[in-house]
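Please look over the sequence and the model shown here before reading on. The paragraphs after it are meant to be read with the structure open beside them.

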Amino acid sequence: MNTKNIKLVILIANIVAVIGCFLPFASLFGYGVNFIEGDGVFVVVLSIIAVLVALFKPKFAFIPNAISLFVPIYDITQSPGMSDFLDIGAYMIIAGTAVAIIASITALIKKL
C-alpha cells in the first residue's frame, strides 16, 4: 500500500464514522437515539482532525482516531445493558475508526 491508498482509506473510514454519528446509535421499541445528540460532536471533530492529519502525516492519524474510538466504547460500557440495544450507527462509528487506526498504523510500520 502506498501513501495515496492509505490516505484514501483513512478518509473513507472517517466519513463512515461521521455518517454513523447521524444514524441511530441505540434503539428500543422503535425509538432511536443518534450519537450526534450526545458525544457524537467529539467524534465528528476528531474525524475531521484525523483527515487533516492524514493529508500530511498519515502515520499520526491514529491518535485522533484512537480517541474517537474510545468515545462510543466508553458510552457503551458506562450504560448497563446498552450493548443489547446498539444500532447501525454504533457499529459504523466503531468500524470506521478501527479501520482508520489500522490504516494509520500500517503507514507507521511502513514509514510512509
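Predicted model: local features only at pLDDT ≥ 70, side-chain atom pairs only at ≥ 80, totals over all residues.

Residues are numbered from 1 along each chain as its sequence is written, and side-chain values use heavy atoms, with hydrogens and water left out.

The protein has four helices and two strands, where helices (H or I, at least four residues) and strands (E, at least two) are DSSP runs numbered from the N terminus. Read from the N terminus on, the order of these elements is α-β-β-α-α-α. The C-alpha trace spans about 45 × 20 × 20 Å along its principal axes. For 112 residues, a compact globule would have a radius of gyration near 13 Å, and the 14 Å of the protein agrees with this; the radius is taken over C-alpha atoms, and the globule rule is 2.2 Å times the number of residues to the power 0.38.

Of the contacts in the protein with a separation of 6 or more, 71% are accounted for by residues 24 or more positions apart, contact meaning heavy atoms within 4.5 Å. Buried residues make up 36% of the 112 residues; buried means under 20% relative accessible area, exposed over 50%, and partly exposed in between, with a 1.4 Å probe and protein chains only. The protein exposes about 6,300 Å², of which carbon and sulfur atoms supply 75%. Accessible areas come from the Shrake-Rupley method with a 1.4 Å probe, and for residues only the protein chains shown count as cover.

In soluble globular proteins, nonpolar side chains tend to be buried together. Which residues make up the largest nonpolar core here? The core holds 12 residues in all, namely Cys21, Phe25, Ala26, Phe35, Val43, Val44, Val71, Ile76, Met82, Leu86, Ala90 and Ile93. Strand E1 (24–28), helix H2 (40–56), helix H3 (62–78) and helix H4 (88–109) are the elements that give two or more residues to this core. A nonpolar core is a set of buried Ala, Val, Leu, Ile, Met, Phe, Trp, Tyr and Cys residues joined through side-chain atoms within 4.5 Å. A second, separate core has six residues, among them Ala54, Ala61, Ala103 and Ala107.

Leaving aside neighbours within four places in sequence, Val44 is in contact with Val18, Cys21 and Ile36. Val44 and Ala54 are 10 residues apart along the chain, and their C-alpha atoms are separated by 15 Å. Ser47, also found in helix H2, counts as buried because its relative accessibility is 1%. Not counting residues up to four places away in sequence, Ser47 touches Asn14, Ala17, Val18 and Ser68, and with that exclusion Ala90 touches Pro24 and Phe25.

Beyond its neighbours within four places in sequence, Pro58 is in contact with Thr3, Ile6, Lys7, Ile10, Val53, Ser104 and Ala107. One of these, Lys7, is 51 residues from Pro58 in sequence and 6.4 Å away in space, C-alpha to C-alpha. Lys7 is found in helix H1 and is partly exposed, with a relative accessible area of 27%; apart from neighbours within four places in sequence, Lys7 is in contact with Ala54, Leu55 and Pro58.

Helix H1 (residues 3–22) also holds Leu8, which is partly exposed at a relative accessible area of 46%. Leu8, Leu11, Ile12, Ile15 and Ile19 make a nonpolar surface patch of about 420 Å². Patches are made of residues with over 30% relative accessible area and no salt bridge, with like charges joined within 9 Å and nonpolar side chains (Val, Leu, Ile, Met, Phe, Trp, Tyr) within 5 Å; a salt bridge is a side-chain nitrogen of Lys or Arg within 4 Å of a carboxyl oxygen of Asp or Glu. Asn5 lies in helix H1 and is partly exposed, with a relative accessible area of 35%. Asn5 and Ala103 are 98 residues apart in sequence, yet 9.2 Å apart in space, C-alpha to C-alpha.
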